[in-house]
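This report covers strand pairing, aromatic pairs and the nonpolar core. The sequence and the model come first.

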Amino acid sequence: MKKFFLVFAVASFAAVVTKAQALKANPTPPPAQSMLKPPTPPPPPPVPVNNPNAGKFQFKEETHDFGTVPEGPLAEYDFEFENTGKEPIVIQEAHGSCGCTVPKWPTEPILPGKKGVIHVAYNSAGRPGPISKEVTINSNAQQSPMVLHIRGNVTPKPSEPTPAPAAPAHN
């Protein structure tokens with residue numbers, strides 16, 4: 001039993017000495033000293049380069065109102081645009097504000113003076129009520145990101161009538 005206590009005491013002493021040596025080699029500044037220096041602010045975000053010759057979207061309309069649509073089928077619309085800039089427009093990606101709004105966009109560059117279409121499909125199934133969604137387009141055009149809007153109202157499906165209970169058969 002004495003051997004156990006002796007080994008334990010020697011091991012504890014060795015651990016304390018090792019810890020003290022490590023602290024001496026890597027001292028930490030006192031808290032008051034680190035508080036005197038103000039934290040370094042994060043760098044500002046990069047400023048986008050505005051290319052005056054870049055392609056430019058000219059949409060026929062940037063907001064489409066579907067009006068009243070029934071619940072169930074897709075509500076679809078083609079946002080037509082023309083490139084009125086001096087360089088081709090390349091659309092990197094487009095996304096809806098939720099999974100119910102799905103855009104399709106041209107993958108080829110839209111040359112100056114040429115037209116393109118962003119096709120937007122809204123899935124109205126299980127979504128009765130007002131529609132207010134956005135489609136964001138990321139491209140090399142002057143207006144990037146470009147945001148298109150869809151609006152409308154989905155009327156709920158009529159509920160199916162429940163069948164009347166069958167009358168008991170009389171013999």
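## Strand pairing

Strands β1 and β3 pair in the antiparallel sense over 3 bridges; two strands count as paired if DSSP finds at least two bridges between them. Strands here are DSSP runs of E with at least two residues, numbered from the N terminus. Within β3, Phe81 is the bridge partner of Phe59. The model is predicted: local features need pLDDT of at least 70, side-chain atom pairs count only at pLDDT 80 or more, and totals for chains, interfaces and linings use all residues. Residues are numbered from 1 along each chain as its sequence is written, and side-chain values use heavy atoms, with hydrogens and water left out.

An open sheet is formed by 4 strands in the order β1-β3-β6-β5, with antiparallel pairing. Its edge strands are β1 and β5 (101-104), each of which pairs on one side only. From one strand to the next the twist averages 30°, taken between axes that are lines fitted to C-alpha atoms, with angles from 0 to 180 degrees between N-to-C directions.

## Aromatic pairs

The whole structure holds 4 aromatic pairs. Rings of Phe, Tyr and Trp (its six-membered ring) pair if their centres lie within 6.5 Å; planes under 30 degrees apart are stacked, over 60 edge-to-face, and the rest tilted. Phe57 and Phe81 form an edge-to-face pair, 5.0 Å centre to centre with 75° between the planes. Because Phe57 lies in β1 (residues 57-59) and Phe81 in β3 (residues 74-83), this pair ties together parts that are 24 residues apart in sequence. Both Phe57 and Phe81 are buried (under 20% relative accessible area, with a 1.4 Å probe and protein chains only; exposed is over 50%, partly exposed in between).

The ring centres of Tyr77 and Phe79 are 4.9 Å apart and the planes stand at 85°, so this pair is edge-to-face. Tyr77 and Phe79 are both buried. Ring pairs also link Phe57, Phe59 and Phe81 into a cluster.

## Nonpolar core

A nonpolar core is a set of buried Ala, Val, Leu, Ile, Met, Phe, Trp, Tyr and Cys residues joined through side-chain atoms within 4.5 Å. The largest one has 24 residues, and those with the most contacts inside it are Phe57, Phe59, Phe79, Ile118, Ile137 and Leu148. Elements giving two or more residues to this core include β1, β3 and β8 (146-155).

Leu148 touches, among others, Phe59, Phe79, Ile118 and Ile137, not counting residues up to four places away in sequence; contact means heavy atoms within 4.5 Å.
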